Amino acid sequence: WPLLQAKLSALRRLVRRIFQQISQHIWAPLAAKLKAGRRRIRRILEPIFLPLWAPVAARLSVLRQVVRRLNWLRSLPKLGFSALRRAITTGIKLPRTVVYLLEIVRIARPIALYIRSSEVDVVHTILPNSYLVGACAAALAGGRPLLMSRLSLNLYQQEHKLVGFIERRILHRTVDAVIGNSDAMLRDLRSEGVNRSKLHLVYNGIDVRGFANEMVDHATARRLLGISNGAIVFTVVANLHPYKGHRDLLHALAALSRTWGSDWLCLFVGKDVHDCLPELKRLCLEYGLSRNVEFLGPRTDIPAILSASDIHISASHQEGLPNNIIEAMCARLPVVATAVGGVPELVVHGQTGYLLPPQDVDRMTASSRARTRAGPAKGIRRSRLCQGDLALQHRYQRGRVRIDLCRFGQHI
């Protein structure tokens with residue numbers, strides 16, 4: 001009973017803190033704007049401006065009476081939070097942030113029911129939206145321990161300020177442990193106010209032996225892909241997100257094509273997530289690169305594609321710890337990459353590749369030209385990245401990641 005009381009007290013404090021932040025940053029500005037509004041709008045907002053200590057049931061009861069008077073939706077008790085959200089947005093067009101918070105709670109409710117019914121002991125979340133939903137579900141389920149994994153930089157908080165505010169002011173203070181996949185992630189988390197004792201470093205891992213077994217020899221790989229043996233081949237393995245820097249790379253390739261001639265090829269591998277492919281193909285036509293650039297789409301034969309490559313390129317504007325560079329290390333390819341996120345922890349500048357500032361087309365052009373001057377395609381390929389292989393064996397094997405996760409589990 002004392003333990004249950006403590007959990008309920010913690011849950012009440014969390015809910016009270018959330019309501020206080022919502023009242024201060026959402027409802028107060030909205031009330032100021034609607035101060036001279038119509039009586040109809042004030043009656044709609046009546047349940048929202050009840051005191052913070054008013055029971056939730058009282059708020060819902062008043063709101064349902066308003067909805068019935070306006071004949072908006074008579075099935076509110078059956079449809080629950082989704083109908084509540086639709087009724088409110090239909091009547092007064094609340095800010096998107098409010099609708100977003102209502103949606104988070106709506107999604108978290110069935111998850112909390114599943115957690116309670118399945119006797120789940122720990123809630124582990126990955127990515128920002130799941131962090132919010134998981135924290136809400138863990139609280140609704142009775143205060144389950146909450147873990148969070150961060151796989152990317154916190155640049156998303158600049159665009160989604162509400163998410164960043166909730167993470168920094170509420171979630172980071174209540175989370176039990178946080179995993180980062182690189183030192184860059186841990187630096188971001190420390191700057192956001194996460195206690196150092198909660199931070200744990202677990203690198204990404206791949207099946208090195210399985211990846212090596214799927215690779216083929218250089219000539220066979222080129223024959224399977226229809227590429228001549230004398231061509232210089234670049235590979236880019238990344239979904240077609242705008243922040244992956246495909247446009248920057250096409251600008252650099254356009255400058256390089258004037259000195260290379262036509263005996264080179266760049267293979268883009270990845271899914272077109274945001275309908276960027278038509279724009280990229282238009283740039284290829286504009287720069288005269290249509291014969292030298294191929295978009296292969298999503299593929300499952302990445303080891304074979306890297307087997308045909310000479311240089312691997314990553315032009316991303318932001319990254320966590322990119323698996324495509326780890327796979328390029330496994331394929332013993334030199335890497336030209338932007339120094340963002342955890343990339344400098346993978347690539348040793350001047351030894352296993354070149355690091356460039358993000359969105360710097362001139363530096364990318366110069367580095368790619370320097371790599372190709374090392375010799376013909378076969379000569380470049382013979383420059384095995386022994387230091388990269390050593391780091392791969394030491395840090396990024398899947399077995400090593402299992403050991404790190406086991407130690408983390410024992411700590412929790």
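These notebook entries record what I looked up in the structure above.

**Entry: ground rules.** I am working with a predicted model, where local features need pLDDT of at least 70, side-chain atom pairs count only at pLDDT 80 or more, and totals for chains, interfaces and linings use all residues. Residues are numbered from 1 along each chain as its sequence is written, and side-chain values use heavy atoms, with hydrogens and water left out.

**Entry: strand β2.** I looked up β2, residues 146-150, where strands (E, at least two residues) and helices (H or I, at least four residues) are DSSP runs numbered from the N terminus. Five of its five residues are buried, so β2 is largely enclosed by the rest of the structure; buried means under 20% relative accessible area with a 1.4 Å probe, protein chains only. L146, M148 and R150 point one way, while L147 and S149 point the other way.

**Entry: neighbours of β2.** I found that β2 runs parallel to β1 (residues 123-126), joined by four bridges, and that T125 has M148 as its bridge partner; strands pair if DSSP finds at least two bridges between them. Between β1 and β2 the chain passes through helix α7 (residues 128-140) in a right-handed β-α-β crossover, meaning that, with the strands pointing away from the viewer, the path from the first strand over the helix to the second runs clockwise. Four bridges also join β2 to β3 (residues 177-180), again in parallel, and here S149 has I179 as its bridge partner.

How values were computed. Buried < 20%, exposed > 50% of the residue type's maximum accessible area, 1.4 Å probe, protein only.
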